[in-house]
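Try each task before reading its solution.

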Amino acid sequence: MNYLWAFLVGGGICVVGQLLIDYTSLSPARILTGYVVAGVVLSAAGLYAPLADLAGAGASVPLLGFGHLLAQGVCRAVDETGLPGIFTGGLCAAAGGIAASLVFALLAALVGRSRDQS
Amino acid sequence: MKLDPKSYAKMVRRASPPSPVGKDCLWAFFVGGGICLAGEVLRQTYLTWYDAEMAGTLTSITLIFASAVATLLGWYQKLAAHAGAGTLVPITGFANSVVSPAIEFKTEGWVTGVGAHIFGIAGPVIAYGTLASWVWGALYWAMSKGG
């Protein structure tokens, strides 16, 4: 069941993104930024945690889940350290993904050569 | 013939080829869903050894690694041409947006080329995500004080 929900919810979130691409002129950068901010808002409103419980990676792998991660992280840090947590919580929770992206990108640049885009 | 922007937009819409929205959405659904399914398989595997939080992080890192390899080989771009948001919205799309410019701007040097352009798309995402979480954190703190 886990796997089915992960597929359906993850696919559904991507279809919403596709509709945004087809019906609006939003660029990919704007869609990704919008998704992360929307994820923070949905998580703050308490709507994203139930979805994450149901769909697992179906909710955490799309960029909405990245926003959820930031929002959850900031809450935990505030619970633990109080006000300073609003500065540390978000990026601490997201650190793994951000560091992995940067490190693998630099390694890829080291071995890769820019190719013809056509 | 006089044209106001509205009727011009209508003419452009009539003249441009129909966007096969249904087909786009099917591609996005199956590819995006497939990536999330792969993520769930990874997550369940990592859950054998780690707690839920670390399993989630390791899932992201594994998918990011796979995306970096696929981008390096030029496969991710080929899939993205069909899958659209199916490859953009998952964390693999975020990774692709970091890896692609890193490779692309190598010719302009490691600092002002690779280092600066690596954040072309990831920068705004991280900046506004961090701001949103900061605002939410402040609200959450205020609520925990008040309530």
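**Exercise 1. Find which residues touch the most other members of the largest nonpolar core.**

Solution. Start with the term: a nonpolar core is a set of buried Ala, Val, Leu, Ile, Met, Phe, Trp, Tyr and Cys residues joined through C-beta atoms within 7 Å. A residue is buried if 20 or more other C-beta atoms lie within 10 Å of its own, exposed if 12 or fewer, and partly exposed in between, with C-beta atoms placed from the backbone. The largest core has 80 residues, and Val99(B) and Ala102(B) touch the most other members. Next, look around Ala102(B), leaving aside neighbours within four places in sequence: its contacts (C-beta atoms, placed from the backbone, within 7 Å) are Ala105(A), Leu106(A), Ala108(A), Ala109(A), Val114(B) and Ile118(B).

Before going on, a word on the model: it is predicted, local features need pLDDT of at least 70, side-chain atom pairs count only at pLDDT 80 or more, and totals for chains, interfaces and linings use all residues. Residues are numbered from 1 along each chain as its sequence is written, while chains are lettered from A and ligands numbered from 1 in the order in which they are written.

**Exercise 2. Describe how H6(A) and H6(B) cross.**

Solution. Helices here are DSSP runs of H or I with at least four residues, numbered from the N terminus; strands are E runs of at least two. First, the geometry: the axes of H6(A) and H6(B), residues 91-104 of chain B, come within 8 Å and cross at roughly 35 degrees. Axes are lines fitted to C-alpha atoms, for helices over the stretch in contact, and angles run from 0 to 180 degrees between N-to-C directions. Second, the hand: the crossing is right-handed, meaning the near helix is turned clockwise from the far one by less than a right angle. Third, the residues: among those in H6(A) are Gly97(A), Phe104(A) and Ala105(A), which meet a set in H6(B) including Phe94(B), Val99(B) and Ala102(B). This contact has 13 nonpolar, two polar and no charged residues. Ala, Val, Leu, Ile, Met, Phe, Trp, Tyr, Cys and Pro count as nonpolar, Asp, Glu, Lys and Arg as charged, and the others, Gly among them, as polar.

**Exercise 3. Work out what chain A brings to its contact with chain B.**

Solution. Count first: 60 residues of chain A are in contact with 64 residues of chain B. H1, H2, H4, H5 and H6 of chain A each supply at least two residues of that side. H6(A) gives the largest share, 17 residues. By class, the side holds 40 nonpolar, 18 polar and two charged residues.

**Exercise 4. Sketch the fold of chain A.**

Solution. Chain A has six helices and zero strands. Its C-alpha trace spans about 50 × 35 × 30 Å along the principal axes, and 53% of its 118 residues are buried.

**Exercise 5. Why is H5(A) called largely enclosed by the rest of the structure?**

Solution. Count its buried residues: 15 of the 19 are buried, so H5(A) is largely enclosed. What follows this helix is Gly82(A), with a positive phi near 80 degrees.

Methods
Contact = placed C-beta atoms within 7 Å.
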